[in-house]
Amino acid sequence: MTGELTALPDIEVSRLEVIPTSQPKPIPSPSNLVFGHTFTDHMLTIPWSSSSGWGAPKIQPYGPLSLEPSATVLHYAQELFEGLKAYRHPNGKVTLFRPDMNMKRMNTSAKRAALPTFNGDAVIELLKRLVQIDKHWIPDQAGYSLYIRPALIGTQAALGVAPPSEALLFVICSPVGPYYPEGFKPVSLYGTTEYSRAAPGGIGAYKLGANYVPGVVAQKEAAKKGYTQNLWLHGPEHYITEVGTMNTFVVFKHADGVLELVTPPLDGMILPGITRDSTLALARDHAAGKIKLEGLPEASKLVVNERPVTMAEVKKAAQDGTLVEFFGTGTAAVISPVNRIGYLGEDIAIPTGPDGMGPISRPIWKHLVGIQVGDIPSPWSVVVTE
């Protein structure tokens, strides 16, 4: 014994054990897929304990997890998750879209929830192995992909609010179709003032399960009022934060003809979405003249800002005719256009184009999807299999 501290083992790809299923499930028809209801043949599991660190990864047949009734996840919501997609290109190549960003966010969430952190690069390699095994589940049709859901839960069998001494990282996969199979349909939003999604110093910026369940009631009430989704507002000023579970973007037109693309800043209440970051990066590179996105205004006519936006500003812009568009961004839909917002008893009309999208969202959506499906080369596409 030297008295020196030794680091606990991190996740090691070389320790991976693969147990193929002996009963492969029939592949469903793409037309019958419902988002998040169908799962592939295999899943990835990696156990962790405070005494021995990360255990051996295992790819095994998809099936139930074994948990004690006293597992901390069941009592104190010690849980987080991620969402990303694998895409099949026309030439058969399969890629992931920016998985490094998901792993970075997953580790950030783990720290906030007092769950163990891990080597994100190792988990990406394990995701690749899992997708390689189940890649035949990715429908060979335009607009379809494989949704990948990593999760990390506290599994210690003990009551008491404390960091768990045991945890489990697992990954499941689900084939999914296009979010808008019959073309873009702008959604209506209800400006929710009765409930709060997040507060300064809280968990709004982290992808924890506890961040989502309180929104179900607000969503149900928005639906009762005739709206598709709720728009989360914060404080007496009614600052815009998120659209349901998506990040928010607004486009304003200034007197000199310049279009301003705005999204609320990452102030600790906003989730740092990967699609949000990608939208900002593409728009900023276009505005700086580094790239040219066909359909966007010339570089000198576009500015991109992360700044607070209130409903009062949006309402006034709609009245003045300077509101260009309003949309949400997220992994599932990529971009979701909005055509009206219910706010304090009245509807605010949002402009949309003939196809349901707007002049800024449309070119960005086309470019993002082009990268994801392999039509546009990009370092954001990480190869799973050629």
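Biologist: Before we discuss surface, how are the accessible areas of this predicted model defined?

Modeller: Accessible areas come from the Shrake-Rupley method with a 1.4 Å probe. By that method the protein chain exposes about 17600 Å², and carbon and sulfur atoms supply 54% of it.

Biologist: What share of the 386 residues is called buried, and by which cut-off?

Modeller: A residue is buried when its relative accessible area is under 20%, and residues of that kind make up 49% of the 386 in the protein chain.

Biologist: Why is a set of residues called a nonpolar core, and which residues have the most contacts inside the largest one?

Modeller: The name applies because the members are buried residues of kinds such as Ala, Val, Leu and Ile, joined through side-chain atoms within 4.5 Å. The largest such core has 39 residues, and those with the most contacts inside it are Ile11, Ile148, Leu152 and Leu169. Helix H3 gives the largest share of this core, seven residues. Among the residues that Ile11 touches are Ala122, Val123, Leu126 and Leu169. A second, separate core of 26 residues includes Tyr87, Phe184, Leu302 and Phe327.

Notes: Residues are numbered from 1 along each chain as its sequence is written. This is a predicted model: local features need pLDDT of at least 70, side-chain atom pairs count only at pLDDT 80 or more; totals for chains, interfaces and linings use all residues. Side-chain values use heavy atoms; hydrogens and water are left out. Buried means under 20% relative accessible area, exposed over 50%, partly exposed in between (1.4 Å probe, protein chains only). Helices (H or I, at least four residues) and strands (E, at least two) are DSSP runs, numbered from the N terminus. Contact means heavy atoms within 4.5 Å. Lists of a residue's contacts leave out its neighbours within four places in sequence.
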